[in-house]
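I want to look up a handful of things and jot down what turns up.

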Amino acid sequence: MAALAEVRVEQVAREDLVMFVNACFSCTGQREFYGDARGQSVSIEFLHQYILGNYRRLYARTLAAGINHFNQAQILLNLLASGSPADARDKQEEGALIAAALRALPPQRAFRVLESLRGRRINNRRARAVARDYVRGRANLAFDAVKYRAKLRAAVSHGHLKLEGELGHFLFHGWKKRVFTQPLLETFRRAHYTQEALYELPYTVAEGLAVKHGIPRDVFLQRIEPRLTAAERLRLQASAARERGTPPPVDLGRASLTKLALYVLALAPEVRSERHAELHAALEQAAARVLRRAPSPLRRVAAILDNSYSSSGSLEKRRRPLGVALATHYLLSAAAREYRAWWTSPVEEPLLVSARGQTDLATPLLDALAWGADLVVIVSDGYDNDPPQAVAELTRVFRTKLDPGRRTALVHVNPVFDSEGFAPRSFGAAVPTVGVRDAEDVPTVLGFARFAEGAASLSELEAYLASRVEAMLARDARERPDGEGAVVGPGLEAALTEEGGS
């Protein structure tokens with residue numbers, strides 16, 4: 001009995017962790033086609049607190065699993081709010097993970113995490129050390145002080161941090177009261193009094209000052225254009241395109257695979273037809289870039305791609321499920337030696353796909369199995385309704401009667417989080433379900449699928465996460481600007497090794 005109980009405990013732990021990792025890939029707290037944002041937020045917050053309370057070490061290691069930025073930020077805040085673990089090795093690893101994950105976030109998200117420490121009243125020694133190390137490690141803190149002034153001020157004041165030179169005076173004593181020797185700070189001060197100076201500032205800062213000076217929008221944009229970053233230029237073009245009712249432009253040679261697929265889907269069908277060769281080549285090149293970063297050689301692959309009406313997504317995530325399906329189509333096509341795709345509503349040309357009709361996944365799945373694929377990837381939100389539950393029954397019979405030896409691998413890739421089920425919706429026990437946000441996650445989650453299927457033990461899952469942690473910390477050490485290769489900064493290391501508080 002004791003042995004059976006131990007096996008059951010291990011099974012529950014593995015299922016809990018798989019569910020959490022899947023949720024962290026797919027959930028962003030935004031509205032989906034079948035669920036509102038409130039339900040998403042409540043469900044994912046419950047999962048975070050449950051996993052943190054029961055599997056803290058693995059909760060922290062999830063930071064290295066490739067999950068999305070939204071859930072990385074939640075894990076960082078929850079770990080800092082709960083103090084340090086008692087075990088010294090866990091404390092060291094967790095501190096290194098927190099520091100590395102925070103540095104890897106885009107700066108606006110990282111500063112938002114630090115700002116949230118004040119909102120949640122998290123001010124223990126470790127939280128202050130994390131904030132101090134992050135601020136000290138920034139390559140151009142004067143730029144951050146101008147561009148992220150409110151967030152940096154919140155982090156510095158809440159963490160009782162000391163700033164060198166003129167930064168403290170700039171943030172807390174008012175930029176009007178003195179002339180600064182630091183060029184960017186002085187430019188910011190002068191821009192409040194002269195229009196010419198504001199064109200030397202970052203666009204996001206200059207934009208507000210242009211309104212203050214009463215500069216016409218078209219004049220401002222024309223003169224600030226040389227200082228725009230690529231992302232800012234694209235955002236402005238997207239805004240203008242929305243006003244005209246046309247899709248926003250993208251840099252076809254540099255855009256990510258999923259972003260490129262979403263851009264294609266936003267174009268009118270006749271435009272897609274006219275630009276077919278250009279768009280097709282751009283998607284193939286984007287898929288090749290993904291595979292260079294994460295090689296995934298596959299043999300005979302079949303894809304079942306859901307383009308039913310629910311793949312149109314929500315107002316916040318417009319056409320995202322369909323975009324992930326289209327991007328995955330190009331990714332698998334590039335990765336496989338042999339490849340065929342079946343859409344729920346058949347299309348002659350993938351670039352002309354649209355969201356329409358019911359979700360009949362069983363018919364194309366039968367065709368894919370008859371074709372003899374080694375791997376069948378189903379990209380869907382999990383709501384098969386034509387007929388309902390057909391995929392669950394079909395795969396159950398296939399596994400028990402036709403393929404008990406599992407010669408054919410089945411994987412369900414789901415870009416939609418189901419708040420009621422606390423995980424991406426699945427097709428039953430015969431098909432492992434893995435969550436994604438972007439098609440770029442597919443190489444990672446295909447490796448994770450064996451844990452979702454139950455074919456691997458809890459110890460193997462722990463070893464998998466441990467290997468991801470090792471790789472993440474090694475990468476962080478290589479990218480550290482100080483070149484010391486340390487994964488824990490001096491301030492954080494002191495906070496981690498001191499006895500007592502957290």
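How far apart do the C-alpha centres of domain 1 and domain 2 lie? I get 31 Å.

**Ground rules.** I'm working on a predicted model, where local features need pLDDT of at least 70 and side-chain atom pairs count only at pLDDT 80 or more, while totals for chains, interfaces and linings use all residues. Residues are numbered from 1 along each chain as its sequence is written, and side-chain values use heavy atoms, with hydrogens and water left out.

**Domains.** The assignment gives domain 1 as 11-192 and domain 2 as 260-476; such bounds come from an automatic or database domain assignment. For the contact between them (contact being heavy atoms within 4.5 Å), I noted 37 residues from domain 1 and 44 residues from domain 2.

**Cores.** Next I looked up nonpolar cores, meaning sets of buried Ala, Val, Leu, Ile, Met, Phe, Trp, Tyr and Cys residues joined through side-chain atoms within 4.5 Å. Buried here is under 20% relative accessible area, exposed is over 50%, and partly exposed is in between, with a 1.4 Å probe and protein chains only. The largest core has 134 residues, and L102, L198, L201, F220 and L257 have the most contacts inside it. Helix 19 (residues 320-335) gives the largest share of this core, nine residues. I checked what L102 touches, skipping residues up to four places away in sequence: L76, A110, V113, L114, V130 and Y134. Another core lies apart from that one, with 19 residues that include L369, V376, L394 and V431. A general reminder to myself: in soluble globular proteins, nonpolar side chains tend to be buried together.

**Helix 11.** Why do I call helix 11 (residues 183-191) largely enclosed by the rest of the structure? Because seven of its nine residues are buried. I wrote them down as L184, L185, E186, T187, F188, R189 and A191. What do the buried residues of helix 11 pack against? The partners are helix 8 (141-147), helix 9 (149-158), helix 10 (167-172), helix 12 (195-198) and helix 13 (203-213). At the start of helix 11, I also found a side-chain oxygen of Q182 within 2.7 Å of the backbone nitrogen of L184.

**Aromatics.** I searched the whole structure for ring pairs and got 15. Rings of Phe, Tyr and Trp (its six-membered ring) pair if their centres lie within 6.5 Å; planes under 30 degrees apart are stacked, over 60 edge-to-face, the rest tilted. F170 and F180 make an edge-to-face pair, 5.7 Å centre to centre with 75° between the planes. F170 sits in helix 10 and F180 in the loop between helix 10 and helix 11, 10 residues apart. Both F170 and F180 are buried. F170 also pairs edge-to-face with F188, at 5.4 Å centre to centre and again 75° between the planes. That pair joins helix 10 to helix 11, with F170 and F188 18 residues apart. Elsewhere on my list, F46, Y50, Y55 and F422 form one aromatic cluster.

**D16.** Is D16 buried or exposed? D16 counts as buried because its relative accessibility is 10%. I place it in helix 1 (residues 2-26). Leaving out residues up to four places away in sequence, D16 touches Y50, I51 and Y55. Y50 and Y55 are also members of the aromatic cluster.

**M472.** I found M472 in helix 23 (residues 458-479), buried with a relative accessible area of 8%.

Terms used: Helices (H or I, at least four residues) and strands (E, at least two) are DSSP runs, numbered from the N terminus. A polar contact is a pair of N or O atoms within 3.5 Å; within protein, one must be able to donate a hydrogen and the other to accept it, and residues adjacent in sequence count only if both atoms are side-chain atoms.
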